[in-house]
Amino acid sequence: MRASLMATLIPTISLRFLLFASLLSLEKRGFAFEGRLSSESHHLHQTHHKVHVSSLMPSTICSPSPKGHDKKRTSLEVVHKHGPCSKLKHHKPYPPSHAEILAQDESRFASIQSRLAKNLAGQSNLKPSTKATLPTKSVRVLGSGDYMVTVGLGSPKQDVSLIFDTGSDFTWTQCQPCLGSCYNQQDPMFDPSASLSYANISCSSPSCQKLESSTATVLGCSTSTCLYSVGYSNSFSFGFFAKDKLTLTPTDVFDDFQFGCGQYNRSPFDGSAGFLGLGRNPLSFTSQTAQKYDKVFSYCLPSSDSLTGYLTFGSRGEEDSKRVKYTPSPVNPDYPSFYFLGMEGISVAGERLAIPTSVFSEAGTLIASGALISRLPRTAYSALRKAFMEQMANYTRIDGVSIFDTCYDFSEHKHVMVPRVVLYFSDGVEMDLHGLGIIYYLNPSQVCLAFAGNIDDSFVSVIGSVQQKTFHVVYDDEQGRVGFATKGCN
């Protein structure tokens, strides 16, 4: 009986043991498979941005960035001109089209190339081309500069909204009575007759002669008053060279600030009153306020039209020293107005591209807040484009648009995996671009790689505002350096 029972149980126990062992083996193999998927997913997120297509679309809701306000210093609200936070959304029925914006940016880039070629006057192979915080407002005007701030001019002060541009030296604004022609602007036009502190600068003044070394030129004299002229591709301003009180905040006021009082002005996209020049020339805002701010300023450009950014003058001291990584930006004697950087390479999806550093050093690389799309040497752009297309092979390619030749249709996707792009500069500084600094959205069926290639490697490279989005960018002209920190705003 006992032998018979054992004979019955042994096969049953053996079967249960085999089933248990098999299940355990499958479970272990399953966990290993799941672990492999988890590891691959983690690696993918290290090398790619997960971008929700809906986040690329223009927002109808105003969402101010909390980082746009510096509680330690005076801060003002910042809005995008055509965004939902803007009081200007009814200023013009329709914002400029993408075609207009990109065409203006192309003109701006051609203007930069021409200026550089003119400065060198044939000395190189560069080719001409056919502590106060202010709010930044994005705007499509004059040389495709996208961001502007509001400052006060005169006594009592009159608010004017100016595009700030690190590639320009000269500050100017449209002025009444507008003896020639003026374009529409959001603020009331500056009226020098209403200011108790306004004065024209004479032709005999040393300041008048300094115009020639800036991005402006001396146009001539009018009853001994110095006349200026300044141009940006198909835009221009000329009028009286003047001085008046400049007010940034109630505690940041500058007497005898020198600027242009424009009487003949042209702009393809109206809205701003003029330009705030943040270049390196003695007439720039940076130089005229050096005694207070030590030639240091910083900004963060918002990632979206519905978010805000900031423009700050003066050092953040210990805060910047801990967060910001600096790369040298020495003054180039051939073109001293610009901020040049030592660009050294690019990586895509974690892989450094095989681009000789000489490709970037041949013509140099400058950073400009007034440029929109970054331009790269042809050799570097070709390598970037090839690597980007390999990573985007699962998405539908479409024909190029305007200056873009690498575009995709995302209309059937809720989200896309965009390969990370990192720009490398001297002294080990890296710009790990925000996802929205890699692709440019026109509509769901037209989203493009947000870079353009130069005709060849002899054209200067430009790091534009799209690639600078969300970075805290610090310009320290006193120390000859430019710094970057991530998560500056938004």
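Biologist: Which salt bridge do the side chains of R420 and D432 form, and what N to O distance goes with it?

Modeller: This is a predicted model, so the distance is computed from its atoms. The R420 and D432 side chains come to 3.4 Å, N to O. The cut-off is 4 Å between a side-chain nitrogen of Lys or Arg and a carboxyl oxygen of Asp or Glu, so the pair counts as a salt bridge.

Biologist: Where in the chain do R420 and D432 sit?

Modeller: R420 is in the loop between β22 (415-419) and β23, while D432 is in strand β24; they are 12 residues apart, and the pair links distant parts of the chain.

Biologist: What makes R420 "partly exposed"?

Modeller: Its relative accessible area is 22%. Buried needs under 20% and exposed needs over 50%, so R420 lands in between. D432, at 32%, is partly exposed too.

Biologist: Why are E390 and K386 separated by about one helical turn?

Modeller: Because they are four residues apart in helix α9. That helix covers residues 378-391 and lies across β16 and β23, running at about 15° to β16.

Biologist: How do you know that β16 and β23 pair?

Modeller: Five bridges join β16 (residues 343-348) to β23 (residues 421-425). Pairing takes at least two, so they qualify, and they run antiparallel. M343 stands opposite F425 in β23. The open sheet has the order β17-β16-β23-β24.

Biologist: What makes β17 and β24 edge strands?

Modeller: Each pairs on one side only.

Biologist: Which parts of the model have pLDDT under 50?

Modeller: Residues 1-38 are one such stretch, and the model has one contact there beyond four places in sequence. Over residues 135-144 the pLDDT is also below 50, but that stretch has 72 contacts beyond near neighbours in sequence. For the protein chain, the mean pLDDT is 81.

Notes. Residues are numbered from 1 along each chain as its sequence is written. This is a predicted model: local features need pLDDT of at least 70, side-chain atom pairs count only at pLDDT 80 or more; totals for chains, interfaces and linings use all residues. Side-chain values use heavy atoms; hydrogens and water are left out. pLDDT is the predictor's confidence in each residue, from 0 to 100. Contact means heavy atoms within 4.5 Å. Axes are lines fitted to C-alpha atoms, for helices over the stretch in contact, and angles run from 0 to 180 degrees between N-to-C directions. Buried means under 20% relative accessible area, exposed over 50%, partly exposed in between (1.4 Å probe, protein chains only).
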